Amino acid sequence: MSIDSITVAAQLINFLVLVWLLKRFLYRPILDGIDARERQIAERMSEAARVCESAEKAAAEHRAEIQRLKAAREEALEQAHREAKAERDAMLSAARARLTSEQEAREAEREQEARRYTERLHRKGAAALVALTRKALGDLSDETLEERVVARTVSRLARMAGDLKAAAGDSREAVVTTSGTLPEELRARINEAVVGALPGTQVRYATEPGRSAGLSLRLGGAQLGWTVDDYVDGLQAILDDAGARKGRAGAA
């Protein structure tokens, strides 16, 4: 079989034309479509990567915010606990102080009431002692209480003349204080005793209606006295000592 060169050439030309046509109108659009699709996929993958990165960043920020809120909540709870404890301590301290103050006030009131009772008892005892003394002196020796007091003072002046001179210093005025006015006869006895013990000394008399029965003589820094209160105080001391002894005996 013979080969027709013209036919072969024509077939070759047709094949090349077909290849060109296919490349120009078929393959190129398909390749362009594939390239565009790949670019879209790449853009979507890049967008997805950015979205994932943003999501991870948002999640990290969310976790950080949760940790911050937890820390703030713990701090707020701790602060509230400290404030509650401080307030509780302050209230307890105030309550203890108020209780102590009330106890001290009640104790002071009891002590004051005891003192008032003792003072009333003291005044009643002194009044009873004065009345008994007056009666005893009147019944046994026909002597008044004032006369007995003056006699006692005069006898003590004689014995204490040296001490009174030393304590009187430059003072030359003796002050005699009584609850009532002394009769002139008794004043004369005192004046005589004072001048005898302390020559050159003037005697001045004063009265204090509220004081107990008795007499006090003051000369400079020295004071000589005899009052019913002294005896009542002595009697009270004896009673207190006896009560304390009884209390110790009961405790033993």
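Mentor: What follows is a description of the sheet and the helix on it. The model is predicted, so local features need pLDDT of at least 70 and side-chain atom pairs count only at pLDDT 80 or more, while totals for chains, interfaces and linings use all residues. Residues are numbered from 1 along each chain as its sequence is written, and side-chain values use heavy atoms, without hydrogens and water.

The sheet is open and has four strands, in the order β2-β1-β3-β4, with mixed pairing. Strands (E, at least two residues) and helices (H or I, at least four) are DSSP runs, numbered from the N terminus; two strands pair if DSSP finds at least two bridges between them. The edges are held by β2 (202-207) and β4 (222-227); each has a single partner strand, so one side of each lacks a neighbour in the sheet. From one strand to the next, the twist averages 15°. Such angles run from 0 to 180 degrees between N-to-C directions, with axes fitted as lines to C-alpha atoms, for helices over the stretch in contact.

Strand β1 (residues 173-178) runs parallel to β2, and six bridges join the two. Thr178 has Thr207 in β2 as its bridge partner. Helix α2 (residues 145-159) packs on the sheet, where α2 touches β3 (214-219) and β4; contact means heavy atoms within 4.5 Å. The direction of α2 makes about 145° with that of β4.
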